[in-house]
Amino acid sequence: MTQEQNATQESTTTEATIHPMTRKAADMSLAKKAISPDSHKAVLAGELSLEEARDLGRNAGPEGPAVRADKNDRSRPCLCGCQGTSKTGKFVAGHDMRMVTLAKAYVRGEADLTDEQLAYIHESGKLDRARAQVEKEDQKRQERIAKKAEAQRRKEGESEAKKSDK
Ligand SMILES: [Zn+2]
């Protein structure tokens, strides 16, 4: 691939706001076809971070498909509802696992989920997992209750016996 070819695409862009290193990295990314020419232009104009451009991929620019309306802000609230923001996806890193907990609360009728959360737990299979876990936990709880009741009965019997000893 030729660097010269790519260089022509940036010639008209304002480059004052971005770091020379970023610019170099953006050029490299474009040369490697890691980012689209549109993204490259936006990065050089300081409208898009290189990281975001890479997230968009080679086929999408800031104005391209599947891009949010505000191209300067790709961050979104974490889907788990923690008030955190994620720049890379639906979740703050690791918070997708919180959805299992949330799904379990939903299965138990203890939590109201948003449409988006519901769609996610359906699609990801976390709802099924949550249902299975809730079922298992309920079973265990029933067993515990039964055991406890049994132990209680035995204890009461023993203490009655002790009392009569004294
Ligand atoms: Zn979260």
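1. Start with the outward side of α6. D115, A119, H122 and E123 are exposed there. Keep in mind that this is a predicted model.

2. Now the inward side. Helix α6 spans residues 115-124, and its buried residues include Q117, Y120 and I121. These three cover an arc of only 90° around the axis, so they sit on the same side of α6. After α6 comes G125, with a positive phi near 80°.

3. Y120 and I121 are among the 11 residues of the largest nonpolar core. Its other members include L79, C80, F91 and A130. Two or more residues each come from α5 (98-107), α6 and α7 (126-165). The largest share is that of α5, with 4 residues.

4. What does I121 touch, leaving aside residues up to four places away in sequence? Its partners are M99, A103, K126 and L127. Of these, M99, A103 and L127 are listed in the core.

5. Another core, of 10 residues, lies apart from the largest one. Among its residues are L30, A42, L48 and L56.

6. L30 also takes part in a helix pair. The axes of α2 (residues 20-31) and α3 (residues 37-44) come within 10 Å and cross at roughly 180°. The two helices are therefore roughly antiparallel. On the α2 side, R23, A26 and L30 make the contact; on the α3 side, P37, H40, V43 and L44 do. By type, the contact residues are 5 nonpolar, 1 polar and 1 charged.

Technical notes. Residues are numbered from 1 along each chain as its sequence is written. This is a predicted model: local features need pLDDT of at least 70, side-chain atom pairs count only at pLDDT 80 or more; totals for chains, interfaces and linings use all residues. Axes are lines fitted to C-alpha atoms, for helices over the stretch in contact, and angles run from 0 to 180 degrees between N-to-C directions. Angles under 35 degrees count as roughly parallel, over 145 as roughly antiparallel, 65 to 115 as roughly perpendicular and the rest as oblique. Two residues are in contact if their C-beta atoms, placed from the backbone, lie within 7 Å. Ala, Val, Leu, Ile, Met, Phe, Trp, Tyr, Cys and Pro count as nonpolar, Asp, Glu, Lys and Arg as charged, and the others, Gly among them, as polar. A residue is buried if 20 or more other C-beta atoms lie within 10 Å of its own, exposed if 12 or fewer, and partly exposed in between; C-beta atoms are placed from the backbone. The arc is that of the directions from the helix axis to the C-beta atoms. A nonpolar core is a set of buried Ala, Val, Leu, Ile, Met, Phe, Trp, Tyr and Cys residues joined through C-beta atoms within 7 Å.
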